Amino acid sequence: MRFKVDEITSVITEEIRQFRSTVDLAQVGKVLEVGDGIARIYGLSNAMAGEQVTFANGAAGQVFNLEENSVGVVILGDYLGIREGDEVRRTGELLSVPCGPALIGRVVDPLGRPLDGKGVIETPHRRPLEWKAPGIAERQPVTEPLLTGIKAIDSMIPIGRGQRELIIGDRKTGKTAIAIDTILNQKGGDVICVYVAIGQKESTVAGLVERLRSAGALDYTIVISAGSSDPSPLQYIAPYSGAAMAEYFLYSEGKATLCVYDDLSKQAQSYRQLSLLLRRPPGREAYPGDVFYLHSRLLERSVKMRDEYAVVPKDTAADSRERKGAVKHPQSLAAPEDVRPDDAFGLYHRPHGKKKAEAFLASLPDQDKYRVHRFPDSGGSMTALPVIETLEGEVSAYIPTNVISITDGQIYLEPDLFFAGVRPAVNVGISVSRVGGNAQRKAMKKISGSLRLDLAAFRDLEAFAQLGTELDPATQRQLDRGLRMVELLKQPQYQPYPFTDEVLSIFTGTGGFLDDLPANQVAKFELALLKHFRDEHPEIVKELADKGELPDALADRIRQVIRDFKPHWQGKAQ
Amino acid sequence: MASLDDKHLAVARIYSLAILDLAERQGIADAVGEDLQELARYVAQNHEFADFLGSPLIDAAERQAAIEKILRGRVSDLLVDALQVVNRKERMILVPAIAETYRQELRDRRGRVDVFVKTPVELPAGLRDKLRQAVVHFTGKQPELVEKVDPKLLGGMVVQIGDDKIDASVFSQLKTLSEALLQRASQEIVRGTPYAGE
C-alpha cells in the first residue's frame, strides 16, 4: 500500500484551516490522594453529587462524596495512571452513556466504549446512568407474557413484560443458562435484550457472546461487560448503564426490552468495596447502609408503561408522537365516564383507554375526519432478570433477602436437583412469580393450572415412598405421574421451545398420556410427538399459535392425535 | 507532620477565626498572618521541630516553656498567647492548618483572590496590569498574582482563579487539534471511507 503524501497533507491543511481556536474554560481541582479506584480531590467546589469528572490521563470519574474541603471521586478506568497533584476537570454533566440502535449487536464496557474491536460506536443519543423510575400513573399492569422458552418456567413460574424475576441459586446451578435461553428465545420477536455481565471471567463472557452470535441473538442484544479485573466502580455502574441503554428503546421507541443483570451479588460486593474505601460506615455483612437502595432503585426502573391513545385528525402520520394534536373532549375531565379522557391533554390511557377513545370518536359529528391513534412511543416495557448467587443455599443472607423482597418473584435453582439430572434445576416448591399469572396466555394457563402444586406434592410423596412402605394405587398413580412430569420438564441448554411445543408437551403430560410409558422413554416420545404435530398436523399448531387459546374442541383434536400416534410410535420403538 | 486534610482544616478554622477576630480588633491581622506563615514554613522545613510540636510524648508544660522562650518578644503577644492556648489543648499539630485557614480567611475578608498565572515567558508589565483589571472585572476582587514561567506552553497563558481555569495557551490548542485529527482518522477507518478531498 502506498501513501500519497499530497493527500495526507491536504487533509491536515483542511483540518487546520477549519480549526477555530477557542479559549478553554474549565473548573478544575487537584488530586490529593488516589488508590484502589478512589481519589480525593481538592477544589471542584461546585461539583454535584453524581457528576462526571475527567482526570488528566483521560479516565472518567464520578463524584461520590462531597466533603467540607474535598471531594471523593470513584475512578471509572485506569487509576494507576493518576498521580497526586494531577488536574481533574468538571464536565458539568451527570454520568451518562451512549445509547440507541447503534449499540445493538455490540459488546461494550459500562461507559459504552466498544470492547469487541468493531470500531467506534456513532450515536447521537445519550442517557443519564441514573433515571428515576416512572410513577404509578405512567404504568400499566403486567399482562403480556415474556416467554423464556423453558417449559418449567413458562408453565409454572410465568414471567410477564415489565416484571422483575430473580434467578437465585448456588454457583454452577444453571442461573446464567436460564437467562441466556430467555434471550435466545426472543429471536424473531420484538424484544431488545441487554445482558450485563458483572464481575465475571472474561473467558466466560467471550464464550457467551460467541454463543449469542452463533444463534443469531446478537441482532437484538447489547452485551455490557465489567469483568472481574475491571475496577470496582465500573462493576458498580454496569447494571445502571445496562438499564439506561434499554431505557432508550423503552421510552423513545416504546419497545419491549429485557435486562439481565448477571449478577447483582458481585455488584453489591464492588459497591461495598468502594463504600468502605470512601470510609462510609459499614453495616450488616460490612455492606453500607444504602445497599438496599442500590438494588431497589435499579429494579424499580423495570416497568410496563401505559398505552396512550387519542383521537386525532385523519391525516396525522401513523408514527406521530405529537400529543398536542389530540382532539380534546369539550368537557375534558368532567366528560361522561365512557368517553372521559384520562388526562387534561385529552389522552386515553391503558387498554381500556382504546375503547373510550373509540367511543369518543363515535360521538363526534364529523367522525370520518378523525381516527384513533396509538402513540408509538407509549406502552414500552423493561423486564428484569436479576441474578443472585447464594453460598451453600443460604437465601437468608443479606443481599439475597433484599433482592427477593424487591423482585416480583424468584426462580430458585438447587444443586441437588442439578446433580440429579433435573435441568433446569428449578425447585418449583419455593419458586414463585407474583404477577406473571395474569400474563400467561390462556392455553398455557388452562393446562398448567395445578401443575406446580402437583409437582410439589410429588416431591413430598417421593420422600415418603423412599421409606419402602406399601402404597395404595392412587398414591402410586400420583407418583408415576409426577415422575413422568419431572422427566418431561427436563430440557437441554440453548434449546428454548416455541410456545406451541410447550403447550403440546405439557398437555400430553398432564393429560396422562405418558403414564404408561417407561420414564426413560418420555423425552424420546415427546420429541417424536412434537415432530409429528409439526409435520402432520400443522393446522393444529397454527391455530394454537394464532389464538393462544385451547378451546375444548381443539383439546379433543389434540387428544385424538396423541392417541393415534402413541401405538404407532410404540410399535416403531420396539 | 499533619497534612492539610479535612478534619485538621475543619478544627483549625475555628482557632484561626478566633485569632483573626482578636488580631483585627488590635489592628495587627496582617502582621499575625505573616508570622503564622513564617512559622508554618519553618515547620514544613524542619522535621524535628514538627515532631516536637506534634509528638504526644512531649509534655505540654515543657512545650509551653519552649514556645515562650523561642517566640515571646519576636512575634506579637497575641500570637504567642494563642499558641499557648493551642498547646494547652494538645493541638500543636494543627499549626500549619491554622496558618493556611488564617490566610484564606484573611484573604476573603480583604476581598482579595489568588490568581495563578502561567506564561511561556516573563509576564510583561503592561499585560500584568491588564490582567489585574480583567480579574477585577471578572470577580470583583483584588487579585494576588502568583506567576510562573513554563516554556512548554509555547504561547498564550493559563489563568486560574479559585477552581476556574482559563486555558488560552498554544500548547492546549495544539493538543485539541491533534485530538481532532486523530478522531477524524479513526472515524474514517471505521467507516471505510477515504478522505473525499475538495
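This is a predicted model: local features need pLDDT of at least 70, side-chain atom pairs count only at pLDDT 80 or more; totals for chains, interfaces and linings use all residues.
Helices (H or I, at least four residues) and strands (E, at least two) are DSSP runs, numbered from the N terminus.

Some ground rules: residues are numbered from 1 along each chain as its sequence is written, while chains are lettered from A and ligands numbered from 1 in the order in which they are written. Local features need pLDDT of at least 70 and side-chain atom pairs count only at pLDDT 80 or more, whereas totals for chains, interfaces and linings use all residues; side-chain values use heavy atoms, with hydrogens and water left out.

**The largest cavity**
- About 60 Å³ of space lies in this cavity, and its lining includes B:Leu39, B:Phe49, B:Ile67 and B:Met92.
- A cavity here is a set of points on a 1 Å grid over the protein atoms alone where a 1.4 Å probe fits but cannot get out, and lining residues have an atom within 4 Å of a point.
- The lining has 10 nonpolar, no polar and no charged residues.
- The whole structure holds 3 cavities of 30 Å³ or more.

**Chain A at a glance**
- Chain A has 17 helices and 20 strands.
- Its C-alpha atoms fill a box of roughly 85 × 70 × 60 Å along the principal axes.
- Of its 574 residues, 52% count as buried, meaning under 20% relative accessible area, with exposed over 50% and partly exposed in between (1.4 Å probe, protein chains only).

**Nonpolar cores**
- The largest nonpolar core has 76 residues, and A:Ile183, A:Phe533 and A:Ile558 are among those with the most contacts inside it.
- Such a core is a set of buried Ala, Val, Leu, Ile, Met, Phe, Trp, Tyr and Cys residues joined through side-chain atoms within 4.5 Å.
- Leaving aside residues up to four places away in sequence, A:Ile558 touches A:Leu504, A:Phe507, A:Phe533, A:Ile540 and A:Leu550, where contact means heavy atoms within 4.5 Å.

**A loop glycine**
- A:Gly283 sits in the loop between helix H6 (264-277) and helix H7 (291-299) of chain A.
- This glycine, A:Gly283, counts as partly exposed because its relative accessibility is 41%.

**Confidence**
- Chain A has a mean pLDDT of 93, with 99% of its residues at 70 or more; pLDDT is the predictor's confidence in each residue, from 0 to 100.

Definitions and conventions:
On a 1 Å grid over the protein atoms alone, a cavity is a set of points where a 1.4 Å probe fits but cannot get out, and a pocket is an open set with protein on both sides within 12 Å along at least five of seven lines; lining residues have an atom within 4 Å of a point. Grid points are joined across faces, edges and corners, and a volume is the space filled by probe spheres set on the points. Ala, Val, Leu, Ile, Met, Phe, Trp, Tyr, Cys and Pro count as nonpolar, Asp, Glu, Lys and Arg as charged, and the others, Gly among them, as polar.
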